[in-house]
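The tour goes from the whole chain down to one side chain.

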Amino acid sequence: MDDARYACKYCGTEILWEKSDENRGEIWCCEKCGEPFCAQCAIDRIGKQAYLDMMQMKKGDELILCPDCYAKNAKAEG
């Protein structure tokens, strides 16, 4: 069992890996830059639907991205 805490790069909330914070949701690590981010910060920055689509890989993306990398990727595509 991994009891390591990861701090969101945006809000600083520390969350146990594979656990959920009551207010911030799960912690994820960007598969491009490696930075940890919480679900709530991602939703606040890229929008709820974009977050859900990314997590369900609906756009054909194979990576979970932090909001910064998501924005860079969206600019490159659009």
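Buried means under 20% relative accessible area, exposed over 50%, and partly exposed in between, with a 1.4 Å probe and protein chains only. By that cut-off, 29% of the 78 residues of the protein chain are buried. This is a predicted model: local features need pLDDT of at least 70, side-chain atom pairs count only at pLDDT 80 or more, and totals for chains, interfaces and linings use all residues. Residues are numbered from 1 along each chain as its sequence is written, and side-chain values use heavy atoms, with hydrogens and water left out.

**Select the whole chain.** Colour by secondary structure. Helices (H or I, at least four residues) and strands (E, at least two) are DSSP runs, numbered from the N terminus. The order along the sequence is β-β-β-β-β-α-α-α. The radius of gyration is 12 Å, close to the 12 Å of the globule rule for 78 residues, so the protein chain is as compact as a globular protein of that length. That radius is taken over C-alpha atoms; the rule is 2.2 Å times the number of residues to the power 0.38.

**Next, select Leu-65.** Look in the loop between helix 2 (48–55) and helix 3 (67–77). Is Leu-65 buried or exposed? Leu-65 counts as buried, because its relative accessibility is 5%.

**Now show its surroundings.** Contact means heavy atoms within 4.5 Å. Leaving aside neighbours within four places in sequence, Leu-65 is in contact with Cys-30, Lys-32, Phe-37, Met-54, Tyr-70 and Asn-73.

Draw a C-alpha to C-alpha distance to Leu-65: 12 Å in space, 13 residues apart in sequence.
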